[in-house]
Amino acid sequence: MSKKVTKFDLVDGIRQRTGVEKKIVQEVFEASIGEIKTALKDGSTIELRGFGTFELRLRKERKKARNPKTGDSLSVPPHYIVAFRSGQELKRAVWDLKIEE
């Protein structure tokens, strides 16, 4: 279940499904990702019906955090993170996946 799909794999899959030239698919894909990044930087929420929602969440300040590499204590100011909530169609699509033991 841990197969990693890269941007290259996604572009190639779209090219195979649509028959559109790889360079064009790649440009559209990059432009789409760029628009999502820009909208999030502007504080917008991205809703992709049937897939999910990307939204910003504010992480609280932490006065006692630890650097995992050095073990040093430090404080972390409040900051935003990107969160993803899957849509109903995506939830249903993965619900019955076989569990590997």
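Which helix holds Ile24? Ile24 sits in helix α2, residues 22-41. Helices here are DSSP runs of H or I with at least four residues, strands are runs of E with at least two, and both are numbered from the N terminus. This is a predicted model: local features need pLDDT of at least 70, side-chain atom pairs count only at pLDDT 80 or more, and totals for chains, interfaces and linings use all residues. Residues are numbered from 1 along each chain as its sequence is written, and side-chain values use heavy atoms, with hydrogens and water left out.

Stay with Ile24. Its relative accessibility is 41%, so Ile24 counts as partly exposed. Buried means under 20% relative accessible area, exposed means over 50%, and partly exposed lies in between (1.4 Å probe, protein chains only). An α-helix has 3.6 residues a turn, so residues three or four places apart point the same way.

Now step back to helix α1. It covers residues 7-18, which is 12 residues. From first C-alpha to last, α1 reaches 17 Å, close to the 16 Å expected at 1.5 Å a residue. The expected span is 1.5 Å times one less than the number of residues. Gly19 follows α1, and the phi of Gly19 is positive, near 80°.

What joins the side chains of Lys7 and Glu30? They meet in a salt bridge, 2.9 Å from N to O. Lys7 belongs to α1 and Glu30 to α2, so the pair ties together parts that are 23 residues apart in sequence. A salt bridge here is a side-chain nitrogen of Lys or Arg within 4 Å of a carboxyl oxygen of Asp or Glu. Side chains of opposite charge can pair when their charged atoms come close. Lys7 is partly exposed, at 41% relative accessible area. Glu30 is partly exposed too, at 37%.

The count comes to six salt bridges. One of them pairs Arg57 with Glu55, with the closest N and O atoms 3.0 Å apart. Arg57 is partly exposed at 39%, whereas Glu55 is buried at 15%. Another pairs Lys63 with Glu61, at 3.7 Å between the closest N and O atoms. Here Lys63 is exposed at 64%, and Glu61 is partly exposed at 44%. Salt bridges that share partners also join Glu55, Arg57 and Arg85 into one network.

Move to the strands. Thr53 lies in strand β2. Is Thr53 buried or exposed? Thr53 is buried, with a relative accessible area of 12%. Leaving aside neighbours within four places in sequence, Thr53 is in contact with Thr45, Ile46, Glu47, Ala83, Phe84 and Arg85. Contact means heavy atoms within 4.5 Å.

Gly50 lies in the loop between β1 (46-48) and β2 (52-59). Gly50 is partly exposed, at 29% relative accessibility. Not counting residues up to four places away in sequence, Gly50 touches Glu89 and Leu90. The C-alpha atoms of Gly50 and Glu89 are separated by 4.9 Å, yet the two residues are 39 apart along the chain.

How many aromatic pairs does a search of the whole structure find? It finds two. Phe51 and Phe84 form a tilted pair, 5.4 Å centre to centre with 50° between the planes. Phe51 lies in the loop between β1 and β2 and Phe84 in strand β5 (residues 79-86), so this pair ties together parts 33 residues apart in sequence. Phe51 is partly exposed at 39%, and Phe84 is partly exposed at 37%. The rings of Phe54 and Phe84 have their centres 4.9 Å apart and their planes at 50°, so that pair is tilted. Phe54 lies in strand β2 and Phe84 in strand β5, so the pair ties together parts 30 residues apart in sequence. Rings of Phe, Tyr and Trp (its six-membered ring) pair if their centres lie within 6.5 Å; planes under 30 degrees apart count as stacked, over 60 as edge-to-face and the rest as tilted.
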